[in-house]
There are 2 protein chains.
Amino acid sequence: MVKRTLPLSRVYRLLEPGPVVMLTTIVKGRPNIMTLSWHTMMDFEPPIVGCVISNRNYSFDGIKASRECVINLPTVELAEKVVGCGNSSGRKVDKFKVFALTPAPAARVKPPLIDECYANLECKVIDTRMVTKYNFFILEVLKAWIDPAKKLPRTIHHLGKGAFMVAGETIQLPSRMK
Amino acid sequence: MVKRTLPLSRVYRLLEPGPVVMLTTIVKGRPNIMTLSWHTMMDFEPPIVGCVISNRNYSFDGIKASRECVINLPTVELAEKVVGCGNSSGRKVDKFKVFALTPAPAARVKPPLIDECYANLECKVIDTRMVTKYNFFILEVLKAWIDPAKKLPRTIHHLGKGAFMVAGETIQLPSRMK
């Protein structure tokens, strides 16, 4: 997928609608993928993102040790792979191989981008004070990529137990909000 | 709107798809409303929610002092009121009056439910350690309400600058995820 750089000031527009994301990390020298929905924007620029990575997940040790990850945004075409990654563990399988996903080199961090995802956010961990109690990592987005051809990405939004809402129509209202 | 109690174990299914929410607080003795999208689930049960309330918002002092709020979930029918609440300040207007929204008493906290919202989560602040640096409040949901008639709520999801994605179709995949 051919992507261009996305200005960091626009990253919030990707994450605040709440899409399911696929987080890539390096664990024990190998790239791993984790599916998650528990993330939030925390500041506009530089973009700060908070996310929960349970200490039961294989990715937890990876991000704790390397302090780097990539947040990859899939669309509905990838839904089966998204769920597959959520239902398997990097302890047992190489998810890039099993789900036929393509790792692409990142510019600023070691974990790979998932090429099939329409946007990718390269992140470093900047605050771990909430990790012990809440498994909550605070990240800064260093570099963002987007496929400019994807005008209205049909992101997926988890409703629990394998049900996903698919992004519908877009409406525009007069607003002074960012 | 006639609502029933929602089991706390199901609250995550409302928030993890990333809807715009309207937060009610008591500020200087009066109820106020704030529109926000920067929230995330942090634990299942009891449901723990993190959210950013900027210290520039009138609600900030209210929640800091009273340590209580209600997270109200609107659907697309309320979109104009949602944006209106986001574009005005409780310092200047009574948003319940200006936007013709109905305050309804909560069971466990002082801030009111917004009756027109299809779900309402009564919350107390349980952790303020991230407030000074990130304006990030950690909340526990004490009591949750839902309109059982709203089977597929058309929630709205902010894309920036007054554009909102409206919840589209729902798909079901075989999943072992919660």
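Trainee: Where in chain A does A:Arg67 lie?
Mentor: In this predicted model, A:Arg67 lies in the loop between helix H2 (58-66) and strand E6 (68-73) of chain A. Its phi is near 55°, a positive value in a residue other than glycine.

Trainee: Why is A:Arg67 called partly exposed?
Mentor: The relative accessible area of A:Arg67 is 37%. Buried would need a value under 20% and exposed one over 50%, so A:Arg67 counts as partly exposed.

Trainee: And B:Ala100, what makes that residue count as exposed?
Mentor: B:Ala100 has a relative accessible area of 52%. Exposed means over 50%, so B:Ala100 is called exposed. This residue is found in the loop between helix H4 (95-98) and strand E7 (103-104) of chain B. B:Ala100 also has a positive phi, about 50°, although it is not a glycine.

Trainee: Let's turn to charges. How do you know that A:Arg129 and A:Asp127 meet in a salt bridge?
Mentor: Their side chains have an N to O distance of 2.8 Å. The rule asks for a side-chain nitrogen of Lys or Arg within 4 Å of a carboxyl oxygen of Asp or Glu, so the pair qualifies.

Trainee: Is A:Asp127 buried or exposed, and what decides the matter?
Mentor: A:Asp127 has 6% relative accessibility. Buried means under 20%, so A:Asp127 counts as buried.

Trainee: What pair do B:Asp127 and B:Arg129 form?
Mentor: They form a salt bridge in chain B, with the closest N and O atoms 2.8 Å apart. B:Asp127 is at 5% relative accessibility and counts as buried, while B:Arg129, at 47%, is partly exposed.

Trainee: What makes A:Glu169 and B:Arg154 a salt bridge?
Mentor: Their closest N and O atoms are 2.7 Å apart. The cut-off is 4 Å, so they count as a salt bridge. The pair crosses between chains: A:Glu169 sits in strand E12 (residues 163-172) of chain A, and B:Arg154 in the loop between strand E10 (136-146) and strand E11 (156-160) of chain B. A:Glu169 is partly exposed at 45%, and B:Arg154 is partly exposed at 35%.

Trainee: How many salt bridges are there over all chains?
Mentor: The count comes to four.

Trainee: On to the strands. Why is strand E6 (residues 68-73) of chain B called largely enclosed?
Mentor: Six of its six residues are buried, so the rest of the structure largely encloses this strand. In a regular strand, side chains alternate between the two faces of the sheet. Here both faces are covered: B:Glu68, B:Val70 and B:Asn72 are buried on one side, and B:Cys69, B:Ile71 and B:Leu73 on the other.

Trainee: How do you know that E6(B) pairs with strand E2 (residues 21-27) of chain B?
Mentor: Three bridges join them. Pairing takes at least two bridges, so E2(B) and E6(B) pair, and they run antiparallel. B:Met22 stands opposite B:Asn72 here. Strand E9 (residues 119-127) of chain B is joined to E6(B) by six bridges, also antiparallel, and B:Val70 faces B:Glu122 across that pairing.

Trainee: What do E11(A) and E12(A) form?
Mentor: They form a hairpin with two residues between them, and A:Lys161 in the turn has a positive phi of about 55°.

Trainee: What makes E12(A) and strand E12 (residues 163-172) of chain B a pair?
Mentor: Seven bridges join them. The rule asks for at least two, so they pair across the two chains, running antiparallel. A:Ala163 stands opposite B:Gln172.

Trainee: What is omega at the peptide bond joining A:Glu45 and A:Pro46?
Mentor: Omega is about 0°, and the bond is cis. A:Pro46 lies in the loop between strand E4 (39-43) and strand E5 (48-52) of chain A. In chain B, a cis peptide bond joins B:Glu45 and B:Pro46, with omega about 0°.

How values were computed: Residues numbered from 1 in each chain as written. Chains lettered and ligands numbered in written order. Predicted model: local features only at pLDDT ≥ 70, side-chain atom pairs only at ≥ 80, totals over all residues. Heavy atoms only, no water. Buried < 20%, exposed > 50% of the residue type's maximum accessible area, 1.4 Å probe, protein only. Helix = DSSP H or I, 4+ residues; strand = E, 2+ residues; numbered from the N terminus.
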